[in-house]
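Please have the sequence and the coordinates open while reading.

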Amino acid sequence: MGISKAGSTGQEEQNRTAERDPRKAWWTAARFGMFIHWGLYALPAQGEWIMYAQKTPVREYEKLAQRFNPTEFDAKAWVALAKEAGMRYIVITAKHHDGFAMYGSKADPFNIVDATPFGRDPLKELAEACAEAGIVLCFYYSHVIDWHHPHALHKEHNNTWDYKLEEKRFAEYFEGKAKPQLKELLTEYGRVGLLWFDTAGGLSEEDSKDIVRHVRSLQPDCLINSRVSHFMGMGDFVSKGDNEIGMSGEDTRPWETPMTLNQSWGYTTKDQVWKTADSLIKKLVNVIGKGGNLLLNVGPMPQGTIPELSAERLREVGEWTGRNAEAIYGTDGSPFPVELEWGALTTRPGRVYLHVHNDKWPANGLRLGGIRNRVLRAYCLADQSRTELEFEQAYDEELELHTLEIRLPDEPADQYVSVVALELEGENDFDRTLTQMPDGVFQLEVPHAKISLVREADEEAGIPVIRGAEWTFKLVKPGTYELLLVSFKRHDQAWNGLYPEPILLESAGQVIAVDPREDLADSDSPSCQHPYTAVLSRMGQFTWDQAGVHTLTLLSSRLKDPAPKFTEIWHADAVKLRALRLVRVDG
Ligand code: FHN
């Protein structure tokens, strides 16, 4: 018996060997960064889309600049807060969609130095403070949307109240403002770690490549995020959708999740839905456990300070990251292609770190499959005295499975998430096949399936393209399992119609066809959040009498082309088919 890799896509293997590009090494090691959305929109305090939402005429919006005087801005204090939180880089909006440059731009007078009573250049001050503190400074630049410039042209979100679409000449904006401003940012602020582009809707492939070339010619080591273009594969790393946490094995390139602390980016007094430190830490470990970075946002106020509700959360997260730095920075994600019900897992040579959620603390011990090395020692990272934990390793010859059982202390050792460190003998040697963990639910995630085309679309008959996902997996505990479809549903969508036809499941001669319903909402999922909710749909039951390797197929029109040429991140899907969860009926 034996399966060579997770599913049969080879995706996980690609991840492991993916991109050991030295240009990206600082970024992949950093794991945690601060996003800052700050601009004139802080004054009306209703988020960064206020100009568009209210169709504020350019001449009116410009008046905000006359009142923008953030005298309490202290670059060192911002950088110190990022550092205290455990963040290793800062990405700040040099220019957002309103077209206002938050630095002294010679290319366009609509900027903080020339148009406000403040007259200072916060990006210069941040560049100095970052260099001093060893934090990498990076810039967000809205390269397509610009509601101030008469010739900026986006696929959808344009200033049509001041300017006529048909009179727009995109090149005048692109060559006259966007590229010159990027040149300023890349030549006057020292090393720029990365440029974070956004909302590329409508940008041609040629113009996207032009921007990439432009950046590379000015600072070859400056990284570029994927939102520079909607054509796949551009840039150095993938920015997931806003607040979107990927599935294990989903991305073959380094990736990050841009995330809000509440539900907004720019400062707003309206949104008071704040994530707790507990939930932030769980999301952080979920992201790094899948090998990603977390870029967590703050929206500073008009006077130049970071809202205290944000700062206090970041400080609390920082206490945790400080104690657990070893398990965060420079680590790799989990080698096991499964969501772990009790938390997350990171590794580095000779070490495995188990990030166990305190509210799932397994009083009767934690069991894990797949570590082939001999474990030398186990202890809680937060335990200063490093008291050794008892553990036992075993090998099941029939199943070809290495297992480890650790006896944990009665009480969690840290706040919110407690990290258990394992010291390994020799080079890390993990079983990366899709194998059921000894405890908890077992999820078959879509990226670990082999996706194939089952039926072409018939547009006339209104039949969508149907794809099949086939998982090959090792079941450790035979028995009867309840099957739950895991979907992420956008908050503004009604469920009806999201799955246009019944989903077909087949394994070991058992077949089920079900119209998925919105049976349960998993509101506490660390891998999901606003604007999505994790929804579970009961699909029925399958019984597997034998442990060992099985296959399961799922047919649905909601399965995506695994290698699209183009994607429109802006139009985030109404529903994302994430996984099939297997829950053992008899415990
Ligand atoms: O429209 C922007 C939004 O204002 C914010 O900057 C986010 C951050 O990822 N990006 C765009 C929407 O995806």
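The points below are grouped by topic.

The model is predicted: local features need pLDDT of at least 70, side-chain atom pairs count only at pLDDT 80 or more, and totals for chains, interfaces and linings use all residues. Residues are numbered from 1 along each chain as its sequence is written, and side-chain values use heavy atoms, with hydrogens and water left out.

**Overall fold**

- The chain has 11 helices and 25 strands; helices (H or I, at least four residues) and strands (E, at least two) are DSSP runs, numbered from the N terminus.
- Its radius of gyration is 25 Å, close to the 25 Å that the globule rule gives for 587 residues, so the chain is as compact as a globular protein of that length. The radius is taken over C-alpha atoms, and the globule rule is 2.2 Å times the number of residues to the power 0.38.
- Along the principal axes, the C-alpha atoms fill a box of roughly 75 × 70 × 40 Å.
- Of the 587 residues, 58% count as buried (buried means under 20% relative accessible area, exposed over 50%, partly exposed in between, with a 1.4 Å probe and protein chains only).
- Among contacts with a separation of 6 or more, 74% come from residues 24 or more positions apart; contact means heavy atoms within 4.5 Å.

**Helix packing: terms**

- Two packed helices are described by the angle between their axes and the distance between the axes.
- Axes are lines fitted to C-alpha atoms, for helices over the stretch in contact, and angles run from 0 to 180 degrees between N-to-C directions.
- Angles under 35 degrees count as roughly parallel, over 145 as roughly antiparallel, 65 to 115 as roughly perpendicular and the rest as oblique.
- A crossing is left-handed if the near helix is turned anticlockwise from the far one by less than a right angle, and right-handed if clockwise.

**Helices α8 and α9**

- Helix α8 (residues 170-187) packs against helix α9 (residues 205-218) at an angle of about 25°, and the axes are 10 Å apart. The two helices are therefore roughly parallel to each other, and their crossing is right-handed.
- On the α8 side the contact is made by F170, F174, E175, K179, L182, K183, L186 and T187, which meet D207, D210, I211, H214, V215 and L218 of α9. By class, this contact has 7 nonpolar, 2 polar and 5 charged residues (Ala, Val, Leu, Ile, Met, Phe, Trp, Tyr, Cys and Pro count as nonpolar, Asp, Glu, Lys and Arg as charged, and the others, Gly among them, as polar).

**Helix α5 and its two partners**

- Helix α5 (residues 75-85) packs with helix α11 (residues 308-323) at an angle of about 40°, with axes 6 Å apart; α5 and α11 are therefore oblique to each other.
- In that pair, L81, E84 and A85 of α5 meet A311, L314, R315, V317, G318 and T321 of α11. The contact divides into 5 nonpolar, 2 polar and 2 charged residues.
- The axes of α5 and helix α7 (residues 122-133) come within 8 Å and cross at roughly 45°. This pair is therefore oblique as well, and the crossing of α5 and α7 is right-handed.
- Here A75, K76, W78, V79 and K83 of α5 meet E125, L126, A129, C130, E132 and A133 of α7. The contact has 7 nonpolar, no polar and 4 charged residues.

**Two residues of strand β18**

- G468 lies in strand β18 (residues 466-475) and is buried, with a relative accessible area of 6%.
- Not counting residues up to four places away in sequence, G468 touches K450, I451, S452, V454, L554, L555 and L559.
- G468 and E308 are 160 residues apart in sequence and 49 Å apart in space, C-alpha to C-alpha.
- K474 also lies in β18 and counts as buried at 3% relative accessibility.

**Backbone features in loops**

- The peptide bond from H530 to P531 is cis, with omega near 10°; P531 lies in the loop between β22 (520-522) and β23 (532-544).
- K55 is not a glycine, but its phi is positive, near 50°. K55 lies in the loop between α3 (50-53) and α4 (58-67) and is partly exposed, with a relative accessible area of 48%.
- R386, also not a glycine, has a positive phi of about 50°. R386 sits in the loop between β12 (375-380) and β13 (391-396) and is partly exposed at 31% relative accessible area.
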